[in-house]
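Hi everyone, thanks for coming. Let me put the structure up on the screen, and then I'll talk you through it.

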2 protein chains.
Amino acid sequence: MKKEIKLNVENKAGGISRRSLLGGVLAAAVLPLGELFALEKDVNITDDPTKIPGPGPSALGKRSAFENPVRKPSDISSRTPLQDLHSTITPADLHFERHHAGIPNIDPAKHQLLIHGLVERPMMFTLADLKRFPSVTRTCFIECAGNFRTGKEEMTPQDILGLTSQSEWTGVLLSTIFNEVGIDAAAKWFLAEGSDAAVMTRTIPIAKAWDDAMIVYAQNGEAIRPEQGYPIRLLLPGFEGNMNIKWLRRIELSEEPYMTREETSKYTYPVKDKISMFSFEMDARSIITYPSYPQQINKGYVEIRGLAWSGRGKVSKVEVSTDGGKSWEIAKLQEPVLSKAHTYFRYLWNWNGVSTEILSRVTDETGYLQPTLKQLVEARGQHIGGYHMNPITAWKIREDGFVFFKPENYTK
Amino acid sequence: MKKEIKLNVENKAGGISRRSLLGGVLAAAVLPLGELFALEKDVNITDDPTKIPGPGPSALGKRSAFENPVRKPSDISSRTPLQDLHSTITPADLHFERHHAGIPNIDPAKHQLLIHGLVERPMMFTLADLKRFPSVTRTCFIECAGNFRTGKEEMTPQDILGLTSQSEWTGVLLSTIFNEVGIDAAAKWFLAEGSDAAVMTRTIPIAKAWDDAMIVYAQNGEAIRPEQGYPIRLLLPGFEGNMNIKWLRRIELSEEPYMTREETSKYTYPVKDKISMFSFEMDARSIITYPSYPQQINKGYVEIRGLAWSGRGKVSKVEVSTDGGKSWEIAKLQEPVLSKAHTYFRYLWNWNGVSTEILSRVTDETGYLQPTLKQLVEARGQHIGGYHMNPITAWKIREDGFVFFKPENYTK
């Protein structure tokens, strides 16, 4: 019977496929010749994997040799290949990195977290202590405040916005630990300090601790990866990535912010004739990840796909324009839409083969609408700096279907 | 200033910690002496990671050398380490495997899917074709119909129930493709065939195609892993894992089921004097993953944690018993609770140090309550077989805090 079925496959694989493809919905989408010829070919028996038993089960799986998603490392960071991802979870080994003195090698049995300052009971916690407290899981993005690059047409989503990633984080609410040590009523801020060689420090308003801040020890189910803060990191959903202190070893409660280097000379930006500091929430933004450079599309149906997110809550609406911003259509959002989380959007477009520009813009539940670069410059002035840059971005589609980034122009 | 802060750390790390730990909520939980002594120690400067700049960013991340979660491979399967996971997503390299002839090595550019039989337009689809259709993402579990082992006290959750895993799957709804080829009204079933050396085949009622069946090409955002069906697999949310045909190459529509080996001699089981066949949905079940063998717990607060799921819809309730099943308490479910998905549950227990047994049981949205083994045997008879075994399982807690599995007794 198998034999019959196989012959069956080969016969049917012959003449019918082109005719029927053109008969269906895809008729509207003329496939590139290469694909059509492929469809005409019979199944090549010598390539038939049913003829060769494969390797058996293993302790750890590997990617197919045909798939090689990689981060783009520089000396200080690596970027998530957003264009290679089809949904919202970032595989842990592809989560973006931003270090200030490399990745510390920490023995979890020796690591401790000190909480002191304006507290009733200064305490040290081991990882084992932290795991004994009631745990919670939260899926949210972490994004570098400096996420956004532009300048040339040959840029991928990874090049433009690769400093954002999303994980399913598990740990203990900071409020649970703060109740344990007892917080002095005078405390208004807390310092978080990492145990990397940069001894990274930021000060956070105490309201965030009573809201949704966490100390997390797990990422996508397993232990946090070393470059994400192993064995523990601070998680501040929606806040600047830099504040989500990795390799967390100390929290000190205080009346005033500590004005660390990272919140005075860094992570500040000019707004007209003033400097904005302590700008915590990441503003809503979106990016089309398909189609994008260096891909080529075909006439007919193209599902435009991408990510949208906001540090202030849920994405309430994503709009897509396929005419350079003249008109906007509502994209479909992948459920469940979570607060302060990457949200996957999709919009089915029928491309007529004429060159155009495609854009996306997001509105979050606070009513905030992702701005154009022109609006950002108007609001902040020409010396706009590199932080909290979330302009609408566009892809140019050429008549041959090749896609290029449309570099932002800061002056228009 | 850094210097001051560091000294600060060391001083505070000294006398205070034990006193304050005993002063807090954890007082109820006497820590093992080892931990207390650790807490007494000052931070060891020679171990201070802030003194050594670490390695920089990389193309792909690796796990900490202190973390080594692994699947347990046999010659035909490998099992997910449920006890090592803190939430619901299974990292792709830890997803369980069950092959019948190993993992085929498939060139995605050459792979094609034939859909024929009772259809209006038999068609071949390349991976590129399938990716052009409107895509959807769904998080759900896949579980082997034979998942459940028992027999001795020294068994971990991985040993007992490691043949279930969960991913965020992305692909195209089968109904979208069926509308493309046009289904003959006479078609009531469809055969799905894999391109592994076992040429795995199962027949599925067509209603599943119009409901929620998918052809998926992505797992946790990236391309499906080879052992999960690269480049495409059939996804039948809630159905027996074996029916979610991997390396999918052919679908044939028919009036009757094909009665393949996998649905006649396998994946059937005795129910009294009859044989149950085509038992598609995986029944609701749950397991406590912490505490579990070979862990040891301490007196006081212990957060009991585990997974519950149902092939018929959402988990509506998980109950935990800490007195061997005499009384049951409601566990907290991690939101969002998704349909046909692993759902993480938690219950905070204050252990008094007396030996006992802890159990969990789930109720799904259909009102189905996870049965005891006794109830399963009563319903199905003594020759119960190994498929669809979802009895309530128990962990024995000894006075010294060590945890052991309570092997099921098929006769009582």
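Predicted model: local features only at pLDDT ≥ 70, side-chain atom pairs only at ≥ 80, totals over all residues.

Okay, chain A. It has 9 helices and 24 strands. Of its 412 residues, 62% are buried. And if you take the contacts in chain A with a separation of 6 or more, 71% of them are between residues 24 or more positions apart.

Now let's zoom in on A:Thr268. You'll find A:Thr268 in the loop between helix H8 (261-264) and strand E14 of chain A. So, is A:Thr268 buried or exposed? The relative accessibility of A:Thr268 is 13%, and the cut-off for buried is under 20%, so A:Thr268 counts as buried. What does A:Thr268 touch, leaving aside neighbours within four places in sequence? The contacts are A:Glu263, A:Ile275, A:Ser276, A:Met277 and A:Tyr387. There's also a polar atom on the A:Thr268 side chain that sits 3.3 Å from the backbone oxygen of A:Thr264. And have a look at A:Gly385: A:Thr268 and A:Gly385 are 117 residues apart in sequence, but their C-alpha atoms are 8.6 Å apart in space.

Next up, helix H9 of chain A, residues 373-380. Which residues of H9 are buried? They are A:Leu373, A:Leu376, A:Val377 and A:Arg380. Looking down the axis of H9, these buried residues fall within an arc of 95 degrees, so they line one face of the helix. Here's a handy bit of background: an α-helix has 3.6 residues a turn, so residues three or four places apart point the same way. What covers the buried residues of H9 includes strand E14 (269-271) of chain A. Just after H9, A:Gly381 has a positive phi of about 90 degrees.

The contact involves 122 residues from chain A and 120 residues from chain B. Together the two chains bury about 9,600 Å², with 57% of that on carbon and sulfur atoms. On the chain A side, A:Pro57, A:His86 and A:Arg132 lose the most area to chain B, together 8% of what that side buries.

How many salt bridges are there between chain A and chain B? The count is 4. B:Arg249 forms a salt bridge with A:Asp48, and their closest N and O atoms are 3.9 Å apart. By class, the side of chain A that touches chain B has 55 nonpolar, 33 polar and 34 charged residues.

Technical notes. Residues numbered from 1 in each chain as written. Chains lettered and ligands numbered in written order. Heavy atoms only, no water. Buried < 20%, exposed > 50% of the residue type's maximum accessible area, 1.4 Å probe, protein only. Helix = DSSP H or I, 4+ residues; strand = E, 2+ residues; numbered from the N terminus. Arc of directions from axis to C-beta. Contact = heavy atoms within 4.5 Å. Buried area = accessible area lost by both parts, 1.4 Å probe. Salt bridge = Lys/Arg side-chain N within 4 Å of Asp/Glu carboxyl O. Nonpolar A, V, L, I, M, F, W, Y, C, P; charged D, E, K, R; others polar. Polar contact = N/O pair within 3.5 Å; in protein donor to acceptor, adjacent residues only side chain to side chain.
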